[in-house]
Amino acid sequence: MLQKNNGSVLIITLIIFSLVSTICFMCTSLVYSNIKISSLEIKNLKLKEDSLSAIEVIYSNMLEEVENAIDSTENSDEFINYFKYDNCRSFILKSKDISKSDLDKVLVELTNKTPFGEINKLEFDLKTIATRGSYKKDILVKIRIDNPWTKVNLIQDEEKEDLNVYDLITIYNYEEL
């Protein structure tokens, strides 16, 4: 009686072994795909941090330039002209300078989008492109610089020092591309 069951036990053992090995391969591939997804999320976060860091550096550069503009202008037209005509290229180059930071793999594009004839505000598009290997992350923000001279008709020298430059520059419309 035992001699008749030897073949069927071997077949059942092989079937159980193949099922267990199939389940093990599926679990291994599931773990591997989860590791790949996690590493992609970490790379995405690092690229996003690099882009946002570049935006913060550019924001501080713009604050310096706006402070210089306030110190060297006396009315609304001079303030707007400071950024629009002669100093526009210089303002953009100084603002987008991130060479003093460790953000060597971030490309910055700063474009003046101020409508012609606008005297109340200046508008800029800032696009940062962070790269690491074959991965890249693009972030586009819009920046508005309000003209302090249009809010107050006449700013005295004491009020010029009390003027909060942080209130003049607004970053809005954050968009990941």
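Here are some questions and answers on a predicted model.

Me: Why is Asn164 called partly exposed?
Reply: Its relative accessibility is 36%. Buried means under 20%, and exposed means over 50%. The value falls in between, so Asn164 counts as partly exposed.

Me: Where does Asn164 lie?
Reply: Asn164 is in the loop between α5 (157-162) and β4 (169-176). Its C-alpha atom is 9.4 Å from that of Glu67, although the two residues are 97 apart along the chain.

Me: Why does Asp138 have no salt bridge?
Reply: A salt bridge needs a side-chain nitrogen of Lys or Arg within 4 Å of a carboxyl oxygen of Asp or Glu. For Asp138, the nearest side chain of opposite charge is Lys127, 4.0 Å away. That figure stands at the cut-off as written, and the pair is not counted as a salt bridge. Asp138 is also buried.

Me: What makes Lys127 a contact of Asp138?
Reply: Contact means heavy atoms within 4.5 Å. Lys127 is on the contact list of Asp138, with Thr128, Ile129, Glu175, Glu176 and Leu177. That list leaves aside neighbours within four places in sequence. Asp138 itself sits in strand β3 (residues 135-146).

Me: How do you know which element gives the largest share of the lining of the largest pocket?
Reply: Look at the residues from each element. α1 gives 4 residues, the largest share. Both α1 (2-72) and α3 (88-95) give two or more. The pocket has a volume of about 190 Å³.

Key. Residues are numbered from 1 along each chain as its sequence is written. This is a predicted model: local features need pLDDT of at least 70, side-chain atom pairs count only at pLDDT 80 or more; totals for chains, interfaces and linings use all residues. Side-chain values use heavy atoms; hydrogens and water are left out. Buried means under 20% relative accessible area, exposed over 50%, partly exposed in between (1.4 Å probe, protein chains only). Lys and Arg count as positive and Asp and Glu as negative; His and the chain ends are not counted. On a 1 Å grid over the protein atoms alone, a cavity is a set of points where a 1.4 Å probe fits but cannot get out, and a pocket is an open set with protein on both sides within 12 Å along at least five of seven lines; lining residues have an atom within 4 Å of a point. Grid points are joined across faces, edges and corners, and a volume is the space filled by probe spheres set on the points.
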